[in-house]
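Welcome! Take a look at it first, and then we can go through it topic by topic.

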Amino acid sequence: MQEAVTMSNGEIVGWVILVILGAILVAISIRILRGRKAAIRQPPELGKPPEHPTPHAPPPKEKASAPKREKPPEEKRPLTKAETEALRKEAFRARKEAERAEKERKAREAAEAEAARLRALEEERARQEAERLRLEEERRKKIEAESGRTLIEGLTRTREGGFVAKLAGLFGGGGAAISEQTIGELEEILFTADIGVKTSMRLVEGAQERLRKRELGDAGKLRAAIRSDVEQILMDAQKADPRAVEAGVGLPIEPSKKPWVILVVGVNGAGKTTTIGKLAAKLEARGHKVLLGAGDTFRAAATEQLDVWADRAQVPIVKGEQGADPSSVIFEAVQRGVREGFDVVICDTAGRLHTKASLMDELKKVERVVGKAREGAPDEVLLVLDATMGQNAIHQARQFHEALGVTGIVLTKLDGTAKGGVVIGICDELKIPVRLIGIGESLADLRPFDPEEYVDALFGS
């Protein structure tokens with residue numbers, strides 16, 4: 001054991017040398033480090049290159065910057081109830097302000113869109129109105145171009161072949177003296193005319209009364225007296241309806257009642273459909289918005305005939321199937337007139353023989369239904385009579401008037417008969433105004449009735 005732990009002199013010397021060498025290395029290292037620190041603290045002078053460490057020395061290590069110490073987060077204190085309420089109110093106000101701004105934006109955009117839409121509609125309405133006025137002007141000029149016959153021409157047969165011609169033969173040159181015999185001949189002429197017994201008696205009695213008063217010195221005065229009495233009969237009938245008629249149309253039309261409903265009645269063959277077509281064209285040409293109702297569903301081709309007139313007059317039409325209920329068709333037409341703002345609705349009706357009770361019952365039903373479609377309708381019940389029927393036309397007028405309360409007469413085909421005096425009997429017996437007369441085929445030949453003009457054409461001015 002003593003030999004194991006005992007060192008020889010050589011080993012001791014070796015250890016001493018190692019310790020000295022280690023101390024030297026430590027001193028050198030300390031010197032080098034101090035030199036580098038001095039170089040860092042003192043920057044090199046301008047124009048003098050920096051000193052570099054010896055090539056054998058390792059490059060200096062950059063001093064690592066100490067990491068910044070973050071401040072610990074401050075602890076947030078809880079909000080008070082008042083602060084919480086204030087924040088809630090502020091958030092509520094901000095939300096409401098945003099909603100208000102959004103609502104205003106949408107309202108502004110909607111207003112701009114609506115204004116643009118209204119401008120477009122106004123422009124379109126203006127364009128349509130200009131087009132409508134242009135078409136109306138064209139139709140008006142076309143109607144004016146179709147001058148038709150004069151009333152004197154239309155009454156030629158009555159004046160030259162009817163009772164007026166016989167009266168002219170009785171009066172002669174106008175200078176002959178008037179006696180009871182002359183009055184007897186006058187009575188015979190009037191009773192064989194088509195003016196009716198009642199009217200004939202009225203005219204004869206008027207002549208006898210004037211003769212007794214010595215007011216009839218000669219035939220010329222008798223002729224003037226007959227003419228005056230006829231004109232008074234016609235004027236009294238026109239005054240029976242105080243409503244003003246529209247110029248150029250011959251019918252009363254009140255703008256306050258929309259649509260103005262005209263119920264057209266009469267027997268087959270009297271000229272109802274043609275009258276309706278011509279009347280629609282006249283009204284449309286004067287700016288009225290017109291609708292037709294094809295209520296004659298019993299007569300074959302009646303609807304087709306009215307459809308042709310509707311196309312010519314450029315007005316719409318409400319139609320039903322052949323044999324359909326006339327009341328339903330007319331009810332639909334009047335309802336459409338109310339719904340779409342038409343000015344006038346003209347309704348055609350069935351026209352089987354007036355002697356059949358079923359026809360009058362059907363017309364009464366139509367009249368009731370029209371009143372349901374628009375309160376107070378119809379506004380005009382227009383009876384179309386064929387002048388060639390003579391005194392039979394008076395009987396027809398009486399029966400239609402008793403059933404429906406006729407408010408106006410249209411006398412057609414005056415140009416084709418010598419029985420034009422029938423209008424005098426109708427006006428005298430029924431006190432119904434004659435609205436229109438037909439004296440030809442053209443549109444202008446359906447004309448408003450003027451008593452003075454009629455008497456002038458019949459007796460001469």
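How many disulfides does the count come to? The count comes to zero, where a disulfide is taken as a pair of cysteine sulfur atoms within 2.5 Å. This is a predicted model, in which local features need pLDDT of at least 70 and side-chain atom pairs count only at pLDDT 80 or more, while totals for chains, interfaces and linings use all residues. Residues are numbered from 1 along each chain as its sequence is written, and side-chain values use heavy atoms, with hydrogens and water left out.

**The whole protein**

- The protein has 16 helices and eight strands; these are DSSP runs numbered from the N terminus, with helices (H or I) of at least four residues and strands (E) of at least two.
- Of its 461 residues, 38% count as buried, meaning under 20% relative accessible area with a 1.4 Å probe, protein chains only.
- Among contacts with a separation of 6 or more, 77% are between residues 24 or more positions apart; a contact means heavy atoms within 4.5 Å.
- The accessible surface is about 27,200 Å², and carbon and sulfur atoms account for 55% of that (Shrake-Rupley method, 1.4 Å probe).

- C347 is buried, because its relative accessible area is 0%.
- C427 also counts as buried, at 0% relative accessibility.

**Helix 8**

- Helix 8 covers residues 197-212, and its 16 residues should span 22 Å at 1.5 Å a residue; the end C-alpha atoms are 22 Å apart, which agrees. The expected span is 1.5 Å times one less than the number of residues.
- T199, S200, L203, V204, G206, A207 and L211 are its buried residues. Seen down the axis of helix 8, they fall within an arc of 155 degrees, so they line one face of the helix; the arc is that of the directions from the helix axis to the C-beta atoms.
- The cover over these buried residues includes helix 7 (180-191), helix 9 (219-239) and helix 15 (422-430).
- Just after helix 8, R214 takes a positive phi of about 60 degrees.

**D343 and its surroundings**

- D343 sits in the loop between helix 12 (326-340) and strand 4 (344-348), and it counts as buried because its relative accessibility is 17%.
- The D343 side chain makes a polar contact with the side chain of K258 at 3.1 Å (a pair of N or O atoms within 3.5 Å, one able to donate a hydrogen and the other to accept it; residues adjacent in sequence count only if both atoms are side-chain atoms).
- The side chain of D343 also reaches the backbone nitrogen of K289 at 2.7 Å.
- Leaving aside residues up to four places away in sequence, D343 touches K257, K258, P259, W260, G287, H288 and K289.

Methods:
Buried means under 20% relative accessible area, exposed over 50%, partly exposed in between (1.4 Å probe, protein chains only).
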